[in-house]
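Below is a short note on the sheet and the ligand shell. The points are numbered for reference.

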Amino acid sequence: MDTLEKIVQQSYDTHQKKSFKVLIHLYKGHYVKLLLSAVFYTIKHIPAWVMPIAIANVINAATLKDGGGIRTIYINAIVMLILVLQNILTNYYHTKYNSLAIRSVESGLRASLIKKLQELSIPFQKEMQSGRLQSKIMRDVEAVQTLSSQVFVSSLNILVNLIVALGITLYNSPTVFLFFLLTVPISAIIIVAFRKKIKHSNSEFRREMEETSARVIEMIELVPIARAHALEKQEVTRLNNRFQQILSKGFHLDMIQSLFGSVSWASFQIFQIICLVFTGILALRGTITPGEVVMYQTYFTTVVNSVSSMITLIPTIAKGMESVESIGEILTAGEVEKHDNKIRIKDVKGHFSIQNVNYRYTDEKQDILHNLNVEINLGETVAFVGESGSGKSTILHLLIGYIQPTKGKILLDGNDMNSLDLRSYRNHLAVVPQSTILFSGTIRENITYGMPSVSEERLKEVLKAANLWEVIKKMPDGLNTKIGEHGDKLSGGQRQRVSIARALIRNPKVIILDEATSALDSHSEAKIQEALAILCKNRTTLIVAHRLSTIKNADKIAVIEKGHCMEFGTYNELMLKKGKFFQLKQLQS
Ligand SMILES: Nc1ncnc2c1ncn2[C@@H]1O[C@H](COP(=O)(O)OP(=O)(O)OP(=O)(O)O)[C@@H](O)[C@H]1O
């Protein structure tokens with residue numbers, strides 16, 4: 001798997017924006033498989049070219065007056081039988097080699113994307129938005145897979161079919177070949193034009209369906225609100241109106257599909273009749289045999305179908321190429337956290353020194369933080385307070401290392417954080433974010449996330465410290481209770497305590513805590529405070545504080561206003577000063 005990921009990354013790094021070259025490079029290591037798949041594909045398709053000749057031979061032999069054609073009929077029948085039967089075997093091998101190559105590139109692409117995502121900086125990920133990233137990993141990779149089978153299989157099929165059918169025709173009758181050259185493009189273009197019309201109304205209908213299904217999902221989510229406000233009838237009517245629209249659009253689509261379907265079929269048949277008349281006259285004049293009339297008829301169909309498939313393939317290939325580029329946006333992105341040649345620290349004590357730090361978000365005109373100077377001593381709990389948007393979370397992100405100062409530096413135990421392999425620091429760090437991030441596993445899995453061996457005693461100890469033990473004891477499956485998507489089956493307070501337990505079990509030296517703003521009842525609040533007190537004990541703790549109790553318990557408080565640190569000191573010092581903090585405190589109470 002590792003080499004596959006390397007090839008994928010190499011393809012993008014070497015060829016950058018040249019999508020077709022990237023696509024070919026992606027298959028490095030699979031060229032033999034693709035070649036074998038193509039060879040088997042060609043053999044598998046031999047009946048399509050040889051059958052018309054054999055049929056012509058049989059017809060010609062059957063029309064012989066002296067009855068001497070029976071041997072020819074048998075020989076051609078045996079040839080046809082062999083050709084038909086080999087198709088089963090060669091199809092198996094064609095699919096096997098083709099699928100092995102294409103599927104492994106597909107999974108290689110997904111694996112490379114996931115790996116790269118884990119390395120990309122957090123601001124880059126935020127910029128990209130999760131929906132777009134998900135679409136790149138699933139939909140774009142699927143489009144590349146479709147593109148691959150079209151480039152390596154369908155195009156090959158079309159080309160071989162065209163070359164063989166036209167070649168045999170030219171060899172046997174230049175007159176019929178000339179007729180093909182004149183009529184095939186016209187008939188193919190007409191067929192494609194009709195298909196396009198059908199496709200257009202089809203996609204309109206699809207959009208309507210997607211829109212409606214989004215409304216249905218929205219309605220389902222809103223059922224409790226609708227019930228609470230007695231709006232059930234309105235909701236039903238609103239959706240019924242959409243269903244009516246689907247009904248009329250669907251009817252329109254059915255009619256258009258049926259009309260264009262029959263017109264495109266009829267025009268194709270008319271060209272076939274023209275071809276039949278043309279070759280029929282040639283046979284009457286003795287230029288070709290009656291058997292050849294059937295043969296050219298089949299080749300005409302093959303050539304028309306090949307040309308129209310080729311035209312319809314173009315948009316799909318263009319879409320696939322777009323997806324190759326879209327995936328490239330991630331794989332060639334340079335905004336990765338670089339750890340090479342940086343200092344790996346074995347231990348973290350927990351002393352931070354923020355020195356003259358400024359920070360500006362990419363593409364923004366103004367700094368968000370200005371000349372920030374804060375000293376955080378070992379084991380201290382420092383609370384950052386201030387109005388919404390003042391820059392508190394940005395400071396925490398700097399301290400986690402998600403982002404780097406645009407000016408100034410942050411020292412951790414005397415080392416510039418820019419010179420450190422941040423992974424080695426983060427092994428000693430636990431982050432409790434503002435909105436608890438849980439996944440749809442069990443409570444145990446959520447707490448021990450990323451820690452393979454945790455003893456039951458340690459787990460119990462942590463659960464007790466996080467004030468969760470009593471809650472979990474009452475659950476039927478205890479620690480193995482599934483908590484639903486994003487932990488929906490837990491209360492807000494319980495979710496926060498799971499998050500605290502997750503931090504505690506890591507026994508970190510530094511805790512970064514973005515306190516949740518949501519109001520909890522005093523009982524839950526007290527339980528969380530108790531858990532937090534245990535969590536912060538003897539560790540450097542950096543908190544964006546909203547709760548009065550947290551602010552009181554903090555060793556130091558930093559008051560942030562519009563990106564400036566206005567005041568820094570203990571609770572009592574700041575209260576006595578009667579400055580910004582004092583005002584803020586009065587405002588809150
Ligand atoms: N990714 C970003 N790109 C551009 N500007 C940003 C970005 N993230 C935050 N900001 C801006 O930076 C400023 C500080 O944001 P920050 O989240 O640090 O504030 P905060 O004090 O933590 O606010 P709150 O208490 O509401 O969480 C805000 O004006 C915000 O709009």
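1. Which element gives the most to the shell around the ligand? α11 does, with 3 residues. This is a predicted model, in which local features need pLDDT of at least 70, side-chain atom pairs count only at pLDDT 80 or more, and totals for chains, interfaces and linings use all residues. Residues are numbered from 1 along each chain as its sequence is written.

2. Around the ligand there are 13 residues (C-beta atom, placed from the backbone, within 6 Å of the molecule), and Tyr361, Ser388, Lys392, Ser393 and Thr394 come nearest. Two or more residues of the shell come from each of α6 (122-128) and α11 (392-400). Helices (H or I, at least four residues) and strands (E, at least two) are DSSP runs, numbered from the N terminus.

3. By class, the shell holds 3 nonpolar, 7 polar and 3 charged residues. Here Ala, Val, Leu, Ile, Met, Phe, Trp, Tyr, Cys and Pro count as nonpolar, Asp, Glu, Lys and Arg as charged, and the others, Gly among them, as polar.

4. The order of the open sheet of 6 strands is β6-β7-β8-β3-β9-β10, and the pairing is mixed (a pair needs at least two DSSP bridges). Because β6 (429-432) and β10 (564-569) stand at the edges with a single partner strand each, one side of each has no neighbour in the sheet.

5. β6 pairs with β7 (residues 510-514) in the parallel sense over 4 bridges. In β7, Ile511 is the bridge partner of Ala430.
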